[in-house]
Amino acid sequence: MQTLMSLVRLAAAQFTPGRTAVVAMLLGPVVGALLAFGAVAAQEASVVTIDNFTFTPPELSVAVGTTIKWVNHDDIPHSVVDKNKAFRSKALDTDDAYSFTFASAGTFDYFCGLHPHMVGKIIVK
Ligand SMILES: [Cu+2]
């Protein structure tokens with residue numbers, strides 16, 4: 001009986017709050033680093049250029065959380081307007097850019113608000 005009691009006491013000593021705190025402190029930076037890495041990976045940016053009344057690439061598949069940046073290289077203004085109003089840029093002058101972060105999955109058809117025949121598509125998975 002005496003032996004059993006000392007075993008229980010020993011087992012209890014293994015799980016003191018102090019020890020738990022030490023384990024948490026040791027794991028904290030590791031978990032934090034993993035989370036930071038995930039956030040950086042999710043923020044990977046992709047670029048769609050506008051040249052000669054054309055979005056390039058016309059269709060782009062990205063992961064949820066990706067930021068797409070549209071850059072107007074034409075010498076006349078263009079804009080970027082989602083068909084379903086998820087996003088809408090102002091008119092972009094030469095070398096102006098517009099960015100939008102896709103927080104949810106879906107297919108986003110968009111066009112230029114000034115020249116509606118200019119179309120593009122972003123597929124978010
Ligand atoms: Cu345009």
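This is a predicted model: local features need pLDDT of at least 70, side-chain atom pairs count only at pLDDT 80 or more; totals for chains, interfaces and linings use all residues.
**Stop 1: the copper ion.** Which protein atoms are its donors? They are ND1 of His-78, SG of Cys-112 and ND1 of His-115, lying 1.9 to 2.1 Å from the ion. Along the chain, the donors follow the spacing H-x33-C-x2-H. His-78 and Cys-112 link distant parts of the chain, 34 residues apart. Find His-78 in the loop between strand E4 (67-72) and E5. Cys-112 belongs to the loop between strand E7 (106-111) and E8.

Stay on Cys-112 for a moment. Is it buried or exposed? Cys-112 counts as buried because its relative accessibility is 0%, and the cut-off for buried is under 20%.

**Stop 2: the open sheet.** Next, switch to a cartoon view and pick out strands E3, E8, E7 and E5. These 4 strands make an open sheet in the order E3-E8-E7-E5, and the pairing is mixed. Which strands stand at the edges? They are E3 (59-62) and E5 (81-82). Each has a single partner strand, so one side of each is left without a neighbour in the sheet.

Zoom in on E3 and E8. E8 covers residues 119-124 and pairs with E3 in the parallel sense, over 4 bridges. To see the two strands side by side, select Ser-61 and Ile-123: Ser-61 stands opposite Ile-123 in E8. As background, strands of a sheet pair through backbone hydrogen bonds, either parallel or antiparallel.

**Stop 3: the whole chain.** Zoom out and colour by secondary structure. The chain has 2 helices and 8 strands. From the N terminus on, the order is α-α-β-β-β-β-β-β-β-β.

Switch to a surface view. The chain exposes about 8200 Å², with carbon and sulfur atoms supplying 66% of that area. Of the 125 residues in the chain, 26% are buried. Turn to contacts between residues with a separation of 6 or more: 48% of them join residues 24 or more positions apart.

**Stop 4: confidence.** Finally, colour by pLDDT. The chain averages 80, and 64% of the residues score at least 70. Where does pLDDT stay under 50? One stretch is residues 20-24, for which the model has 1 contact beyond four places in sequence.

Conventions: Residues are numbered from 1 along each chain as its sequence is written. Side-chain values use heavy atoms; hydrogens and water are left out. Two strands pair if DSSP finds at least two bridges between them. Buried means under 20% relative accessible area, exposed over 50%, partly exposed in between (1.4 Å probe, protein chains only). Contact means heavy atoms within 4.5 Å. Accessible areas come from the Shrake-Rupley method with a 1.4 Å probe; for residues, only the protein chains shown count as cover. Donors are N, O and S atoms within 2.8 Å of the metal (3.2 Å for Na, K and Ca); water is not among the atoms, so sites may look incomplete. pLDDT is the predictor's confidence in each residue, from 0 to 100.
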